[in-house]
Amino acid sequence: MNPGQTALRIAPFVAPDSFAADVVAGLSGHPKSLPPKYFYDSIGSALFERITRLPEYYPTRSELELLNKHAPAIASLFPPGCALVEFGGGSSTKARILLRAATSIEAYVPVDISGDFLQQEAARLRRDLPHLAVYPVAADFTTMTGPPAEAADRPRAGFFPGSTIGNFEPREAARFLRHAARILGKDAVFVVGVDLVKPADILHRAYNDAEGVTAKFNLNLLARINRELGGNFDLDAFEHRAFYNSEESRIEMHLASMKRQTVRVCNTAFEFGAGETIHTENSYKYSIQSFRTLAQRSGWSPLKAWTDSRFSVHALQADIGA
Ligand code: AVJ
């Protein structure tokens, strides 16, 4: 291990019982729901990696093409000696494009809830980019209270790819963008990937792939509850559902109960009616203008946007800061 490069810092934010509390609260709700951040245990993260390679799931390919094509322009926005803080830094495939293009980046701080996945990626990065200081932080990036200690003494830039911003309700997305401005600091540059509104049939296919990987990804949430919380979900009695809600400009993912049934989790019984669903994810889609408006309302000035009409990458600059 290179001097100054710490292994993996586990921030005290990921309380294991928060999973239990969030699951019981979600399954007690009307309608029932579960937070999408719990998709990403090691099995879920691996299933998501498979989703990114599916022919129907265009966002990852589009974003990679845009990042590769515009890497020099994006890299020119980063100040010398800066630390690139990536929110939800699962696989570093996208960050590598920026890390290679921008010599001004001297440190990389991926922040992700799935510590093991993060650790493996960090080890690979250290091997491939030995000049770069890599500081993985296992934390829930929505609850971080300040810049990661490892980047506190550097100018910071942010990276939030993959349209994970789409998982937030627009109000929450605005709150997260303000939060990110506080973490990154005044004048910081923030590069955000945003999936665009498009014909419903293209979106529908992207979340209902023929191979059924997205269905497995969705159902894995129930398997995880069984594994980690002693639940007794019968996965064959639930079905994956994903559809485009055009009023809300969002893809909705649900797990539908195929029959009346009772499920026990954390010593609590939950009744399901036939056809009743658990809402597991929203994926909001924006236009270039609607995302710019959201950013401006959240303390950011739009600098530039690159798009291929299916996906967009935005560069923003912080008006407010730490
Ligand atoms: C990682 C949240 C961007 O919403 O497109 C992929 C997750 N869900 N297929 C998305 C996801 C179903 C993905 N994000």
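**Group meeting: a walk through the model**

Okay, let's begin with Lys-32, which counts as buried because its relative accessibility is 4%; buried means under 20% relative accessible area, exposed over 50%, and partly exposed in between, with a 1.4 Å probe and protein chains only. Before I go on, this is a predicted model, where local features need pLDDT of at least 70 and side-chain atom pairs count only at pLDDT 80 or more, while totals for chains, interfaces and linings use all residues. Residues are numbered from 1 along each chain as its sequence is written, and side-chain values use heavy atoms, with hydrogens and water left out.

So what does Lys-32 meet in a salt bridge? The partner is Glu-276, at 2.7 Å from N to O. A salt bridge here is a side-chain nitrogen of Lys or Arg within 4 Å of a carboxyl oxygen of Asp or Glu. This pair links distant parts of the chain, with Lys-32 in strand β2 and Glu-276 in the loop between β12 and β13 (277-284), 244 residues apart. Helices (H or I, at least four residues) and strands (E, at least two) are DSSP runs, numbered from the N terminus. Glu-276 itself is partly exposed, at 25% relative accessible area.

By that salt-bridge rule, the count comes to 18. Here's another one: Glu-169 and Arg-250, at 3.9 Å from N to O. That pair also links distant parts of the chain: Glu-169 sits in the loop between β7 (156-160) and α6 (170-184), Arg-250 in strand β10 (residues 250-257), and they are 81 residues apart. Arg-250 is buried, at 12%, while Glu-169 is partly exposed, at 23%.

Then there's Arg-124 with Glu-121, at 2.8 Å from N to O. They're separated by about one helical turn, because they are three residues apart in helix α5 (residues 115-128).

Now for the backbone. Most residues other than glycine have a negative phi, and most peptide bonds are trans. Over in the loop between β11 (261-265) and β12 (268-272) we find Cys-266, whose phi is positive, near 50°. Asn-267, in that loop between β11 and β12, has a positive phi of about 60°. Cys-266 is partly exposed, at 26%, and Asn-267 is exposed, at 74%.

Last stop, Leu-66 in helix α3 (residues 59-75): this one is buried, at 5%.
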